[in-house]
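Here are my notes for you, as numbered points. Keep the picture open while you read.

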Amino acid sequence: RSHTLKEGKTIEENLLFFADLSSKESCLATCLRLLESSQKPTAIFVANQELLPSLLIAIKKLKIKNPKALSIIVWGDPGEQYKNFDFITWDKKEMGKLALRILNDRKQGQYSGNMRSIIPTNLVLRGSSVKLTPKGV
């Protein structure tokens, strides 16, 4: 949220949902609020894998069909338990090298402000999302 606002972009606050990831009850309640909101999502990126079990319970409770009615993509490999879910992966070794280089550069006084770094990612498709189609097609 703060990064988007710093970039000068606007956010529809009513589309933001927050959960206490240490509480299964909070995660489930948040997922239900999201899925029952007036602007129902057609896709969800699950950035915190702690939220995935609660999302699946909410989807089952509301009888939402995945992926036809709701595409789901998980940030990071969700493991064998969720082997049918699409996910985004990245080279963790490369990310570690970049982090070390940034820390060393800052330590040596080469960078003192914010830095933007790009880590290449890959989308692994396993069947939990559908291909986007233009509206009205």
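1. Start with Asn 84, which sits in the loop between E2 and strand E3 (86-90). Helices (H or I, at least four residues) and strands (E, at least two) are DSSP runs, numbered from the N terminus. Asn 84 is exposed, with a relative accessible area of 53%; exposed means over 50%, buried under 20% and partly exposed in between (1.4 Å probe, protein chains only).

2. A word on the source: this is a predicted model, where local features need pLDDT of at least 70, side-chain atom pairs count only at pLDDT 80 or more, and totals for chains, interfaces and linings use all residues. Residues are numbered from 1 along each chain as its sequence is written, and side-chain values use heavy atoms, with hydrogens and water left out.

3. What does Asn 84 touch, leaving aside its neighbours within four places in sequence? Asn 84 is in contact (heavy atoms within 4.5 Å) with Arg 126, Gly 127 and Ser 128. Gly 96 is twelve residues from Asn 84 in sequence, and their C-alpha atoms are 28 Å apart in space.

4. Leaving aside its neighbours within four places in sequence, Leu 35 is in contact with residues including Pro 41, Ile 44, Leu 55 and Leu 70.
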